[in-house]
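Open the structure in your viewer and keep the sequence panel beside it. The tour below goes from one selection to the next.

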Amino acid sequence: MFRPLKILIGTKCPPTRCCSAFVSRMRYVNRLKEDDEACAAALQNAHIFLFHRLSPLLQRTEHRTLRPTALRLGSDRTLLKESVLIGCSEENQAQFCLDVGKNILNPGSSLSWWPETLNDPSPYEPDLCFLLQGQALLRWNQTSGFCSTTGQPTHRNRAGSQRVCSSSGIIYYPKMSPVVIVLVSDGKRCLLGRQSSFPRGMYSALAGFCDMGETLEETLRREVAEEVGLEVHSVSYSSSQHWPFPHSSFMMAFHASVSPAHTQLNVDHAELEDARWFSLEEITSALQVKTPPRRGDPPVVWLPPKHAIGNRLITEWADRQRRWEEGE
């Protein structure tokens, strides 16, 4: 069904519009979302990024990194109707994601279906992030086939960016759950925790979902108080990241500090398996662990992979702490 496959990595496609500026690209993508005919036309020459049961097809490069692989699937229009629009390239080439479902495809020696969790220790190319968007949209369309009000089927637009109830006309858009992730410091150490579901030896920053009506700051303070029994008194924003697990979260990352005189932990073991203070030396050592320990290996602390926002928070803290200590 899928042959022949044409790999488009490293190729340049002619621009479909005279301007490739950011504003032009965003307006073009928005037009494809609103115009089913224009979207269908763009799909015929689009870059397609494949998934198999929500696991993306990635290519391992000669530098041992992983990068997305753009393909063309030929003229199977029935299958292409299940694809979702995720954006366009700098040359205004439309980009779609498609889950081949039960169909089996032999991708080739340098290509492989990667686990849904994307937790492989190999480094990822920077443009992998948009696959997270594609994965979330594919999952949302797969699980939103019926209206929550009428129980009747919903029908998607061509881009897969919205669904409409066939009975009431209610329009549904993809939902994201807001999550706060925070790295707490006492001035010389940072606080990391682990859930029982984490891989063995992995620690990360504390995180939790926002409750209805809460501000981000209120969520942050509540989660830290609930999980480790500390009260934070200084909060600064770092960055944000979409994370499609388990069902599309929007993670907002913060740094927070506590008084050095009040650092005694009271861990809620219903929330966390463990939480500990880590020195700069310990964090530096953990950041150097490139692959998770295998079964039978000595225990070692390791951190989330580089593409995770928890790693970014920890790296920011370590860099800041290092500069502060060197300044002394």
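Against which elements do the buried residues of α6 pack? They pack against β13, β17 (274-279) and α7, where contact means heavy atoms within 4.5 Å.

Before selecting anything else, note that this is a predicted model: local features need pLDDT of at least 70, side-chain atom pairs count only at pLDDT 80 or more, and totals for chains, interfaces and linings use all residues. Residues are numbered from 1 along each chain as its sequence is written, and side-chain values use heavy atoms, with hydrogens and water left out.

**The whole chain**

Show the chain as a cartoon. Its secondary structure comes to seven helices and 17 strands; helices (H or I, at least four residues) and strands (E, at least two) are DSSP runs, numbered from the N terminus. Of the 328 residues, 46% count as buried. Buried means under 20% relative accessible area, exposed over 50%, and partly exposed in between (1.4 Å probe, protein chains only).

**Helix α6**

Select Leu280, Ile283 and Ala286, which are buried residues in α6. Viewed down the axis of α6, its buried residues fall within an arc of 125 degrees, so they line one face of the helix. The arc is taken from the directions from the helix axis to the C-beta atoms.

**The largest nonpolar core**

Next, select Ile181, Leu183, Cys190, Leu192, Ile283 and Trp317. These have the most contacts inside the largest nonpolar core, which has 23 residues. Such a core is a set of buried Ala, Val, Leu, Ile, Met, Phe, Trp, Tyr and Cys residues joined through side-chain atoms within 4.5 Å. Two or more core residues come from each of β12 (177-185), β13 (189-194), β16 (249-257), α6 (280-287) and α7 (309-327). Helix α7 gives the largest share, five residues.

**Aromatic pairs**

Now show the rings. There are two aromatic pairs, counted when ring centres of Phe, Tyr and Trp (its six-membered ring) lie within 6.5 Å; planes under 30 degrees apart count as stacked, over 60 as edge-to-face and the rest as tilted.

Select Tyr203 and Phe278, an edge-to-face pair, 5.4 Å centre to centre with 65 degrees between the planes. Tyr203 lies in the loop between β13 and β14 (206-209) and Phe278 in strand β17, so the pair ties together parts that are 75 residues apart in sequence. Both Tyr203 and Phe278 are buried.

Then select Tyr237 and Phe254, also edge-to-face, at 5.6 Å centre to centre and 75 degrees between the planes. Tyr237 is in strand β15 (residues 234-243) and Phe254 in strand β16, so this pair ties together parts that are 17 residues apart in sequence.

**Two loop residues**

Select Val232, in the loop between α5 (216-228) and β15. Val232 counts as buried, at 5% relative accessibility. Its contacts beyond four places in sequence are Val184, Leu220, Arg221, Val224, Ala256, Ser257 and Val258.

Finish at Thr263, in the loop between β16 and β17. Thr263 is buried at 17% relative accessibility.
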